[in-house]
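Please work through the exercises below with the sequence and the model at hand. Each task is followed by a solution in steps.

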Amino acid sequence: MNDANDNLADSKPGRFVDEIVLEDLARDTFGRPLLTRFPPEPNGYLHIGHAKSICLNFGVAALHPDGRCNLRFDDTNPAAEDEEFVEAIQEDVRWLGFQWNGEVKFASDYFEQLYEWAEKLIREGKAYVDSQSLEQIRENRGNFYKPGIPSPDRDRSVEENLDLFRRMRAGEFEEGQYVLRAKIDMQSKDLKLRDPVMYRIRKVPHHRTGDEWCIYPMYDWAHGQSDAIEGITHSICTLEFQNHRGLYEWFLEALGIEKPPKQIEFARLNLTYTVLSKRKLQQLVEGGHVSGWDDPRMPTLAGMRRRGVPPAAIRNFCDRIGVSRKDGVVDVGLLEHEIREELNRTAPRRMAVLRPLRVVIENFPEGEALEVEVQNNPERPEEGTRKLLFTREVFIERDDFMEVPMKKWFRLSPGAEVRLRGACIIRCNEVVKDASGEIVELRCTWDEQSKGGAPADGRKIKGTLHWVSAAHAVDAEVRLYDRLFHSENPAGEENFLEHLNPESLEVIEGAKLEPSLGELAVGEVVQFERLGYFARDRESTADGRPVFNRTITLKDSWAKIAKSGA
RNA sequence: UCCGGGAUCGUCUAAUGGUAGGACGGCGGACUUUGGAUCCGCUAAUGAAGGUUCGAGCCCUUCUCCCGGAACCA
């Protein structure tokens, strides 16, 4: 290090948005405090892609003392939206660790103001009621290479427009009969400026305004104006809205809004082995490919929460990937890394055997128990220790025994010695099989001088296994989750559903847990030593067994050795 | 053929005219009562061609490739 700044500039990726904000604040572009907003449409559950936007919007605001971020529901399409999502979204934002400015906002709160502004534009000759059909409007809009053709209604009088628009609101017309359009420029190279639709008639009750309205504003008409009403300074959205910026600015200008909000676009998140489009996620749910929006395999915040992913891991991930205008695909391994990193710091260690193999310690007295003390988290000694009972019969992982060991195999095999974590050293003397040749039990002896796991003579014991006392074990169901897709880019496949990973869920019925896990609270995450991180699920099986979801495995360097050796 | 964006290690991202750096991954090693963690090392990039400059990833020109745009969705 030849420069202390090297450490400061360090590893945190930049956010170009921060620089824009800094500049605007320096020259007081807006004459009001920094205000961003997170504007979900309440028509689905939030996912990891939304988390990027949330972290950005709230994060930018948090960088400045007067900075705030609103939560505003963009609820302008009653046909798609539902109260169910309004609740869920708020819960997800809070869970992620953010607090919005004041009350929750709704675009529907501004319907009246929007309506008045629309009349104002009509009076100024900047909007008109069009009676063309949807098809005609589309046809007359032209295309990338062909200019549009003005609607026959384009020069309707202000009086007639006002009358028609008021009657639209009053419900005198059928859906599709009329729309209100902004009168801009049918020749514009920016197709969004070819007289965009502002209002359509929809005789559908709205989740908040009920039957009060039968005309609803389009996104472009509602969004920028909602920003203006709230005093938003920086309206941060994803790249696909770049094409809307001209229109966003046109409306604000036409209304004479002073110091209008500034729209800034960034690249939305894409993740390998993951789909993030609302429609595809919905297909997964409705097609029964997952158990619901909060299935632990879903990239939804609800799913990740249930899986055991800590919110801090998601926040750190969002910091890590940075924010730019370049669309790319983030390796899901980076998310997994952040999850492991966070959980390694915070998750208490426990022992659990997924696929039990009975081990009988022949020289250990029947009916007796040896009390051993193990650390709750070697990473954080301050979290103390707990007591475990070691007995004559214990379970170890079937995967930890190999009758004919491979090279570099440090675990148990006939004649070999291993340590049972925190307890003692055992040697395998005999393999007991059933009639079909399957191994049913191991007969072992223990080294009485190795209580706690340390050999009295200091000999090296390379393998350490986790174990559970057979007499004290709690039975559990454990759900092992893996990536939902085996295609790196499922969204890019002809039919993404054909690329579902058939092994994304494996249910283990007969897992054996150390006793303390029987009482773990729902949602708590622990490390099953040597296996991975597991969260207690809200579902329990009929017989009252606890259910655990695997959040993520530990890194498994043995898997690599075994693979290369094979 | 139009308009708007974007191109830096395999991936994400810094460097804002002055030594192309970090993270993830991969590879190798040390250590280890989790084959975990930790630590160390290595690997690997400026889309192309010209130009300006003492000096270009950065500025200019041309080209190439990628993404978005022709909803009464957001």
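The model is predicted, and local features need pLDDT of at least 70, side-chain atom pairs count only at pLDDT 80 or more, and totals for chains, interfaces and linings use all residues. Residues are numbered from 1 along each chain as its sequence is written, chains are lettered from A and ligands numbered from 1 in the order in which they are written, and side-chain values use heavy atoms, with hydrogens and water left out.

**Exercise 1. Domains**

Solution. 

**Exercise 2. Nonpolar cores**

Task: Determine how many residues the largest nonpolar core has and which helix supplies its largest share.

Solution. 
Step 1. A nonpolar core is a set of buried Ala, Val, Leu, Ile, Met, Phe, Trp, Tyr and Cys residues joined through side-chain atoms within 4.5 Å. Buried means under 20% relative accessible area, exposed over 50%, and partly exposed in between (1.4 Å probe, protein chains only).
Step 2. The largest such core holds 55 residues, and I48, V93, L284 and I314 have the most contacts inside it.
Step 3. Elements that each supply at least two residues of this core include α3 (48-62), β2 (68-73), α4 (83-96) and β24 (532-536). Helices (H or I, at least four residues) and strands (E, at least two) are DSSP runs, numbered from the N terminus.
Step 4. The largest share of this core is that of α4, with seven residues.
Step 5. At least three residues of this core come from each of domain 1 (4-266) and domain 2 (270-346 + 477-566).
Step 6. Beyond four places in sequence, L284 touches residues that include V275, M298, F485 and L500; contact means heavy atoms within 4.5 Å.
Step 7. A second, separate core has 32 residues, among them L121, I122, L164 and L180.

**Exercise 3. The surface near RNA strand B**

Task: Describe which residues come nearest to RNA strand B and which polar atoms approach its sugar or linking oxygens.

Solution. 
Step 1. A residue is near a strand if one of its heavy atoms lies within 4 Å of it. There are 71 residues around RNA strand B, of which Y145, K326, R349, G452 and Q527 come nearest.
Step 2. By class, this surface comprises 24 nonpolar, 23 polar and 24 charged residues. Here Ala, Val, Leu, Ile, Met, Phe, Trp, Tyr, Cys and Pro count as nonpolar, Asp, Glu, Lys and Arg as charged, and the others, Gly among them, as polar.
Step 3. With four residues, α14 gives the most to the surface near RNA strand B.
Step 4. Sugar or phosphate accounts for 59% of the atoms of RNA strand B within 4 Å of the protein, and bases for the rest.
Step 5. An N or O atom in the side chain of D74 is 3.3 Å from a sugar or linking oxygen of RNA strand B. For a polar side-chain atom of D327 the distance to such an oxygen is 2.9 Å, and for a backbone N or O atom of W558 it is 3.5 Å.

**Exercise 4. Positive phi**

Task: Locate D195 and Y273 and state their phi values.

Solution. 
Step 1. D195, in the loop between β5 (179-182) and β6, is a residue other than glycine with a positive phi near 50°. D195 counts as buried because its relative accessibility is 0%.
Step 2. Y273, in the loop between β9 (262-266) and α10, is not a glycine either, and its phi is positive at about 60°. Y273 is partly exposed, with a relative accessible area of 22%.

Definitions and conventions: Domains from an automatic or database assignment. Polar contact = N/O pair within 3.5 Å; in protein donor to acceptor, adjacent residues only side chain to side chain.
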